Each structure stands twice: as structure tokens, then as C-alpha cells.
Amino acid sequence: MAEKDLLKKYREKRDFDLSAEPFGGDKNQKDADKKIFVIQKHEATNLHYDFRLLIAGVLKSWAIPKGPSTNPKVKRLAIRTEDHPLEYADFEGVIPKNQYGGGTVMVWDSGTYSTDKKDENNKPISMQKQLENGHCTFVLNGHKLKGGYVLLRMKNQEKNEQWLLKKIEDKEADARRKPTKTENKSVLTGRTMKEIEKEEKS
Ligand code: MN
């Protein structure tokens with residue numbers, strides 16, 4: 001599917017005259033092959049964390065109400081949301097209250113990811129294929145989050161796709177660390193949610 005088709009839902013939900021969010025399609029497509037991820041803390045009607053992985057040129061997205069955990073024993077609900085443009089990875093600011101997703105957005109974490117998942121013939125499985133299979137395994141190299149994670153699609157879906165995000169047991173796993181509680185600043189600008197709100201509101 002062409003990028004513009006993938007972003008149709010994203011664009012339909014937003015009024016780009018009113019929201020500073022990117023329309024998308026501006027960045028050089030060479031960036032589209034990069035394996036980047038971003039987690040945005042989003043204080044909309046309900047506070048949540050938007051987890052996004054760049055796959056095939058767009059940011060595949062999940063809303064995680066409780067945010068990611070570094071404890072391998074904890075599974076976090078991750079609700080699949082519409083694909084976002086590559087440019088969204090740098091978006092931090094305030095979406096006007098009466099607009100879709102109205103509220104403050106912080107780039108809570110960002111970085112690159114890798115995947116080395118293989119099929120029974122020892123051939124690498126692309127992230128696109130893993131996504132279709134409903135089972136993505138990847139290693140994050142972010143500022144706050146590192147190490148292996150898995151995203152699993154739950155069965156018997158109705159309207160929204162529900163997935164689970166879980167830390168894999170590895171040297172980065174830490175049951176005591178609570179990054180969503182203790183690490184409250186933007187990795188892009190060093191600002192808190194309050195500072196973003198204050199500085200970006202016009
Ligand atoms: Mn959101």
C-alpha cells in the first residue's frame with residue numbers, strides 16, 4: 001500500500017489548520033527504511049503512552065494506557081491505533097483541546113530497534129510480516145527503554161485491535177524500575193509535561 005493510503009485515516013481525523021501535528025510526506029523516503037521507534041506521553045482525555053515503530057515507511061502505533069514496563073512479569077494492554085507519518089516521531093507540543101487527541105504530547109523516549117526473528121527455515125521474518133502475524137519481537141535501543149520486547153495480538157477481536165506489550169527476560173529487564181513513574185522528561189527537549197504545556201500554548 002502506498003504511504004498516502006496508509007495515512008488516510010490519520011489525515012481524516014485531523015484539521016491541520018488547527019493542529020500543529022505534521023501532515024506527513026515531507027521527509028526523504030530514505031528515512032523510511034530506518035528502524036526507529038518513539039514513545040509519546042499523551043495527556044489527552046485519558047493519559048496514555050503512544051508506542052510507535054517505523055515499519056515500511058510509517059509509524060505503526062499502539063496506545064498503552066499504563067505505559068511500557070521493564071518488568072518481564074507485567075503485560076501492558078496496547079490498543080492499535082491509526083498509522084502515523086514518519087514526521088510524527090519528532091512531534092512534541094499541545095494539540096488544541098477541541099481537536100482529535102487534544103492535550104499535551106511529549107517525546108518520552110525514542111531510538112532505534114532491531115529484530116532478528118527467524119522462521120523455521122532460519123530466514124529472517126520482516127517486521128511487516130511479524131505485524132501481520134500478530135507477534136512482533138524486537139530489541140529497543142532508546143534513552144529510557146532498552147532490550148527485548150514482544151507485542152502480541154490478542155484473539156477474538158471486535159472493533160479495536162488489542163495487543164499486549166511485554167518485556168523479554170534479558171539483562172535490561174528490571175522489575176523494580178518504574179520508568180513511567182520516575183522518568184518524566186522529554187528526551188527531545190528535556191521538558192516536563194507542564195513546561196511543554198506552558199511554552200507551547202498560544
Ligand atoms: Mn495518543
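The model is predicted. The chain comprises 5 helices and 9 strands. Its 202 residues give a radius of gyration of 17 Å, which agrees with the value near 17 Å for a compact globule of that length. Of these residues, 46% count as buried.

**Fold and dimensions**

- The order of elements along the sequence is α-α-β-β-β-β-β-β-α-β-β-β-α-α.
- The C-alpha trace spans about 55 × 40 × 35 Å along its principal axes.
- Among contacts with a separation of 6 or more, 58% are between residues 24 or more positions apart.

**Surface and charge**

- The accessible surface of the chain is about 11200 Å².
- Carbon and sulfur atoms hold 49% of that surface.
- There are 40 positive and 32 negative side chains.
- The centres of the positive and negative sets are 5 Å apart.

**Salt bridges**

- Side chains of opposite charge can pair when their charged atoms come close.
- The whole structure holds 14 salt bridges.
- Glu21 pairs with Arg14, and their closest N and O atoms are 3.0 Å apart. Both Glu21 and Arg14 are buried.
- Arg52 and Asp50 form another salt bridge, at 3.6 Å from N to O. Arg52 counts as buried because its relative accessibility is 2%. Asp50 is also buried, at 6% relative accessibility.
- Glu172 and Lys171 are joined by a salt bridge of 3.3 Å, N to O. Glu172 has 28% relative accessibility, so it counts as partly exposed. Lys171 is exposed, with a relative accessible area of 77%.
- A network of salt bridges links Lys60, Arg80, Asp83 and Glu161.

- Pro179 belongs to helix H4, which covers residues 179–182.
- Its relative accessible area is 2%, so Pro179 is buried.
- Leaving aside residues up to four places away in sequence, Pro179 touches Thr70, Trp108 and Leu145.
- Leu145 is 34 residues from Pro179 along the chain, and the C-alpha atoms of the two are separated by 8.3 Å.

- Most residues other than glycine have a negative phi. Two residues to check against this are Ala56 and Asn122.
- Ala56 is not a glycine, yet its phi is positive, at about 55 degrees. Ala56 sits in the loop between strand S2 (47–55) and strand S3 (58–64). With a relative accessible area of 60%, Ala56 is exposed.
- Asn122 also has a positive phi, near 65 degrees. Asn122 lies in the loop between strand S6 (103–114) and helix H3 (127–133). Asn122 counts as exposed because its relative accessibility is 56%, and the cut-off is over 50%.

Conventions. Residues numbered from 1 in each chain as written. Predicted model: local features only at pLDDT ≥ 70, side-chain atom pairs only at ≥ 80, totals over all residues. Heavy atoms only, no water. Helix = DSSP H or I, 4+ residues; strand = E, 2+ residues; numbered from the N terminus. Rg over C-alpha atoms; globule rule 2.2 N^0.38 Å. Buried < 20%, exposed > 50% of the residue type's maximum accessible area, 1.4 Å probe, protein only. Contact = heavy atoms within 4.5 Å. Areas by Shrake-Rupley, 256 points an atom, 1.4 Å probe, with all protein chains shown as cover. Lys, Arg positive; Asp, Glu negative; His and termini not counted. Charge placed at Lys NZ, Arg CZ, Asp CG, Glu CD. Salt bridge = Lys/Arg side-chain N within 4 Å of Asp/Glu carboxyl O.
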